[in-house]
Amino acid sequence: PLPTRGALYSPDSTLYNRETVPIKAMTAHEEDILTSQAFIKEGTVISQLLSSCLTDKSIQVNDLTLGDRNSIMTAVRITGYGSEYKVIAKCESCNASNKVCVNLSNLDIKRLELKPIEPGKNEFEYTLPVTKKKVTFKFMTVRDEIDRSKASQSLANMKFESNITTYLRYVLLSVGGVRDKTKISHFVRHMPAFDSKSLRKFINEHEPGIDMTENFTCDKC
């Protein structure tokens with residue numbers, strides 16, 4: 001299933017208004033992909049895996065929103081290794097470690113509920129609470145994530161982290177009707193922290209995808 005229901009893809013795209021995509025089960029070939037040091041070093045191992053398992057070869061993994069990518073990734077993982085996923089979770093009360101077995105088949109799908117400004121367009125409106133600026137934003141795609149990762153790595157080499165501003169530069173499409181990237185970058189650097197936090201919270205709450213949270217009861221307390 002595609003959490004976006006295909007509503008955020010261009011009418012020219014093969015993904016437009018599609019609620020599901022066909023996949024095949026993982027094989028030993030896909031395990032080779034997962035252990036490929038070249039793909040791991042490039043940071044493309046998941047994209048290569050999904051490309052191999054998507055039976056509709058017209059679908060480009062980099063065009064997927066992150067939520068749709070995560071949904072397909074979870075489904076592919078289930079076909080290869082089953083729905084049980086064992087993790088170690090720390091209790092927030094007593095700090096004890098707990099062995100938790102998550103059933104991936106039971107994870108909730110967060111469907112797209114927010115209406116885009118136009119059908120078939122990954123663009124949404126939001127009014128910032130402090131500056132009162134009306135902005136438009138998008139949900140990040142796999143390609144955006146790759147580009148952002150490269151940009152963050154470049155800044156990390158300069159011993160300067162700018163995760164929040166880098167993220168905002170990728171998701172913001174316009175500020176007060178202005179779409180110039182340079183002006184948007186300038187606004188992002190100087191926007192009030194409350195505006196930044198409220199926008200990121202709004203995006204997080206409405207972004208379609210897989211709810212990767214699991215409740216557990218601590219064995220110790």
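# Helix packing and selected residues in a predicted model

Of the 221 residues of the protein, 38% count as buried, where buried means under 20% relative accessible area, exposed over 50% and partly exposed in between, with a 1.4 Å probe and protein chains only. This is a predicted model, in which local features need pLDDT of at least 70 and side-chain atom pairs count only at pLDDT 80 or more, while totals for chains, interfaces and linings use all residues. Residues are numbered from 1 along each chain as its sequence is written, and side-chain values use heavy atoms, with hydrogens and water left out.

The protein has 8 helices and 7 strands; these are DSSP runs numbered from the N terminus, with helices being H or I of at least four residues and strands E of at least two. Taken along the principal axes, the C-alpha atoms fill a box of roughly 50 × 50 × 40 Å. Among contacts between residues at least 6 apart in sequence, 60% join residues at least 24 apart, a contact being heavy atoms within 4.5 Å.

Start in the segment before helix 1 (28-34), where N17 is found. N17 is not a glycine, yet its phi is positive, about 55°. With a relative accessible area of 48%, N17 is partly exposed. T14 lies in the segment before helix 1 as well, and T14 is partly exposed at a relative accessible area of 30%. Leaving aside neighbours within four places in sequence, T14 is in contact with D56, S58 and I59. T14 and T35 are 21 residues apart in sequence, and their C-alpha atoms are 30 Å apart in space.

Next comes a pair of helices. Helix 3 (residues 45-53) and helix 4 (residues 66-81) pack at an angle of about 70°, with their axes 10 Å apart. Here axes are lines fitted to C-alpha atoms, for helices over the stretch in contact, and angles run from 0 to 180 degrees between N-to-C directions. Helix 3 and helix 4 are therefore roughly perpendicular to each other; angles under 35 degrees count as roughly parallel, over 145 as roughly antiparallel, 65 to 115 as roughly perpendicular and the rest as oblique. The crossing of helix 3 past helix 4 is left-handed, a term for a near helix turned anticlockwise from the far one by less than a right angle, with clockwise giving right-handed. Helix 3 contributes I46, L49, L50 and C53 to the contact, and helix 4 contributes R69, I72, M73 and V76. By class, this contact of helix 3 with helix 4 has 7 nonpolar, no polar and 1 charged residues. In this scheme Ala, Val, Leu, Ile, Met, Phe, Trp, Tyr, Cys and Pro count as nonpolar, Asp, Glu, Lys and Arg as charged, and the others, Gly among them, as polar.

Phi of N95 is near 70°, a positive value in a residue other than glycine. N95 is exposed, with a relative accessible area of 52%. S149 sits in helix 5 (residues 142-157) and counts as partly exposed at 46% relative accessibility. The C-alpha atoms of S149 and L66 are separated by 14 Å, and the two residues are 83 apart along the chain.

The remaining helices discussed here involve helix 6. Helix 6 and helix 8 (residues 193-206) pack at an angle of about 60°, with their axes 12 Å apart. That makes helix 6 oblique to helix 8. Their crossing is left-handed. In this contact I164, Y167, L168 and V171 in helix 6 meet S196, L199, R200 and I203 in helix 8. By class, the contact of helix 6 with helix 8 has 6 nonpolar, 1 polar and 1 charged residues.

Helix 6 and helix 7 pack at an angle of about 145°, with axes 10 Å apart, and helix 6 passes helix 7 in a right-handed crossing. T165, L168 and R169 of helix 6 and K181, S185 and V188 of helix 7 make the contact.

Within helix 7 (residues 181-190), I184, S185, F187 and V188 are buried. Seen down the axis of helix 7, the buried residues fall within an arc of 160°, so they line one face of the helix; the arc is that of the directions from the helix axis to the C-beta atoms. On the other side of helix 7, T182, K183, R189 and H190 are exposed. The buried residues of helix 7 pack against helix 6 (163-171) and strand 6 (172-175).
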